[in-house]
Amino acid sequence: MIGNLGADPDYWPLVLCLVWLIAANVIAMFPSRDKHWRAAYVLIAVGVPLLGWATYVSGPVVGLLLLAAGASILRWPVIFLWRWLRRQIG
């Protein structure tokens, strides 16, 4: 499987998602003056199309698993979005 990785394009979204997850964890280890918000914006901008591509290629179950993994890493933007939606609704 690993030796054949370049031949099968269906693996590339999953490999890139794994690289995204590793990069997000490495970024979180370094200190930041703005509490990593700039990095979070970049990770979201890169991660959303990557998630769509991985879901398209691998199916909705894999997409939901990757969404959960990304939300666990970027939990504060998700929490702030949830709070904002609750304020908008009622």
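Is Asp34 buried, partly exposed or exposed? I looked it up: Asp34 is partly exposed, because its relative accessible area is 23% (buried is under 20%, exposed over 50%, partly exposed in between, with a 1.4 Å probe and protein chains only).

I noted the ground rules. The model is predicted, local features need pLDDT of at least 70, side-chain atom pairs count only at pLDDT 80 or more, and totals for chains, interfaces and linings use all residues. Residues are numbered from 1 along each chain as its sequence is written, and side-chain values use heavy atoms, without hydrogens and water.

Next I checked charge pairs. I found one salt bridge in the structure (a side-chain nitrogen of Lys or Arg within 4 Å of a carboxyl oxygen of Asp or Glu). Arg38 pairs with Asp34, with 3.0 Å between the closest N and O atoms. Arg38 counts as exposed because its relative accessibility is 58%.

Then I looked at the loop. Lys35 sits between α1 (12-29) and α2 (37-58) (helices are DSSP runs of H or I, at least four residues, numbered from the N terminus). Its phi is positive, near 55 degrees, though Lys35 is not glycine. Lys35 is exposed at 66%. His36 is in the loop between α1 and α2, and phi of His36 is near 70 degrees. His36 is partly exposed at 25%.

Last, I looked up Ile89. I placed Ile89 in helix α4 (residues 75-89). Ile89 counts as exposed, at 76% relative accessibility.

Note on methods
Helix = DSSP H or I, 4+ residues; strand = E, 2+ residues; numbered from the N terminus.
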